[in-house]
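User: Hi! Could you walk me through this model with me asking as we go?
Analyst: Happy to, ask away.
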Amino acid sequence: MGIFSRIGDVLKANINDMIDRAEDPEKMVKQIILDLQKEVSQATQALGKAMASERMAKRQYENAIKTSADWEAKAKAALNAGEVELAKKALSNKVKADEDVKQYGQMHEQISAQTAQVREQVEAMKAKLEEAKSRQAMLIARSQMAKTQKNLAQSVGGMDASSALDKFNRMEEKVSRQEAEAAAFADIAGTSSDSDAKTFEELEHDMHVDAELQRLMAEMRQTDVVNDKEGSTVQ
């Protein structure tokens with residue numbers, strides 16, 4: 001029986017050691033939030049660069065369209081003036097501008113598509129971050145509750161119930177003895193007080209009796225004196 005008890009203690013110690021060395025969920029949740037915030041910040045910066053590139057490509061595309069239109073207007077003006085060669089030179093520049101329009105147009109479309117994709121990714125990451133923040137408090141609360149339950153289980157498991165009850169019984173007996181002693185002292189104090197009170201009452205009673213005796217004796221003496229005087233007068 002002792003061997004199995006020791007084996008159980010060893011296994012319990014190993015399990016507790018493994019739990020203690022495990023990653024703290026509270027710290028892990030906070031770290032996940034920090035990592036997500038960092039990723040969202042980096043993605044937001046990348047989105048900002050992509051949007052800047054998109055605006056630049058759009059500006060180049062619009063400038064190429066405007067340049068093409070300007071050269072066409074110059075070619076028409078040269079033809080109206082009868083300057084065919086000058087009109088050809090203007091149209092030659094227009095052709096080059098049209099090539100730029102095509103090139104910048106394709107570039108703008110490609111960058112716009114990439115920017116839209118980055119924007120979607122950033123929005124998805126922000127949504128995940130908000131979800132993680134909303135679940136953070138709940139996960140931390142659950143982790144703290146699990147720790148509390150673990151500590152209570154360990155306390156209950158390590159407590160010797162019989163020993164604790166024995167101590168409780170001894171304390172109860174000690175309190176009972178104290179109560180009995182207090183009651184005994186109270187009885188003794190009460191008896192003495194009653195005896196003293198009775199003594200004082202008897203003494204006071206005797207004093208009243210003596211006073212009444214003296215009063216009666218004095219009255220009787222006065223009565224005798226009066227009677228003697230009246231008897232002498234009659235004779």
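User: What does the side chain of Ser 112 reach?
Analyst: The side chain of Ser 112 reaches the backbone oxygen of His 108 at 2.7 Å. This is a predicted model: local features need pLDDT of at least 70, side-chain atom pairs count only at pLDDT 80 or more, and totals for chains, interfaces and linings use all residues. Residues are numbered from 1 along each chain as its sequence is written, and side-chain values use heavy atoms, with hydrogens and water left out.
User: Is Ser 112 buried or exposed?
Analyst: Ser 112 counts as buried because its relative accessibility is 17%, and buried means under 20% relative accessible area (1.4 Å probe, protein chains only).
User: New topic: which residues make up the largest nonpolar core?
Analyst: That core has five residues: Ile 33, Leu 36, Val 40, Leu 129 and Ala 132. A nonpolar core is a set of buried Ala, Val, Leu, Ile, Met, Phe, Trp, Tyr and Cys residues joined through side-chain atoms within 4.5 Å.
User: And which helix gives the most to this core?
Analyst: H2 does, with three residues. Helices are DSSP runs (H or I, at least four residues), numbered from the N terminus.
User: How far apart are the end C-alpha atoms of H2?
Analyst: They are 81 Å apart, which agrees with the 82 Å that its 56 residues should span at 1.5 Å a residue; the expected span is 1.5 Å times one less than the number of residues.
User: What comes just after H2?
Analyst: Gly 82, with a positive phi of about 80°.

Key. Buried < 20%, exposed > 50% of the residue type's maximum accessible area, 1.4 Å probe, protein only. Helix = DSSP H or I, 4+ residues; strand = E, 2+ residues; numbered from the N terminus. Polar contact = N/O pair within 3.5 Å; in protein donor to acceptor, adjacent residues only side chain to side chain.
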